[in-house]
Amino acid sequence: MKYVFVTGFLAVLWAYINMYQLEVTLFDIGMDKVEYAVENAAHDAALQVDEDMIANNKVLFVKSKADKTFRETMMANLKIDQDLKPIHSTILEQPIKLLDVQYIDNSYINPLTSKLVTYPFIYQYSGDKRLERTVFGPSIVYVIETTFYKSEEPHQFVVIQEYKK
């Protein structure tokens, strides 16, 4: 009888550990997939520049094309729709929220000085988690937030795609 009880206890413990490991694995896969998707989407968006200005050695992002490209790349890498909502996803529970999108190019006005930006420039994000990062050239910044399967708190991702001079 003692062995039956111990065997039953070990079977329940084994099942619990396997379920916990599955949840941790799904969370890790979700983090990796979203990070990969947002990094590639930011890269693709940063390629949407005004080609006429490149000849003048200036980078100006075409914001409408960059936003469209960002969403298309996110859709190609994750099971989400145009509004960044998950479609039959076992990884994402909530839509992806764009918390901040900044196009720091040669037309960007520095909010502290009200003048055109000069590089190096310190980008500051002061949402739930404060972030400061120095950028050395025209950049696109995306701060996104999403909630993963069986996760209680939303997770933020910050990606800065930068043209260094």
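Guide: β4 and β5 pair in the antiparallel sense over eight bridges. This is a predicted model: local features need pLDDT of at least 70, side-chain atom pairs count only at pLDDT 80 or more, and totals for chains, interfaces and linings use all residues. Residues are numbered from 1 along each chain as its sequence is written, and side-chain values use heavy atoms, with hydrogens and water left out.

Visitor: What makes β4 and β5 a pair?

Guide: Two strands (DSSP E runs of at least two residues, numbered from the N terminus) pair if DSSP finds at least two bridges between them. β4 and β5 have eight. I140 stands opposite Q161 in β5.

Visitor: How do you know that β1 and β4 pair?

Guide: Seven bridges join β1 (residues 97-104) to β4, and the two run antiparallel. In one of them, D100 has V143 as its partner in β4.

Visitor: Why is β4 called largely enclosed?

Guide: Buried means under 20% relative accessible area (1.4 Å probe, protein chains only). Eight of the eight residues of β4 are buried, so the rest of the structure largely encloses β4. S139, V141, V143 and E145 point one way, while I140, Y142, I144 and T146 point the other.

Notes. Buried < 20%, exposed > 50% of the residue type's maximum accessible area, 1.4 Å probe, protein only. Helix = DSSP H or I, 4+ residues; strand = E, 2+ residues; numbered from the N terminus.
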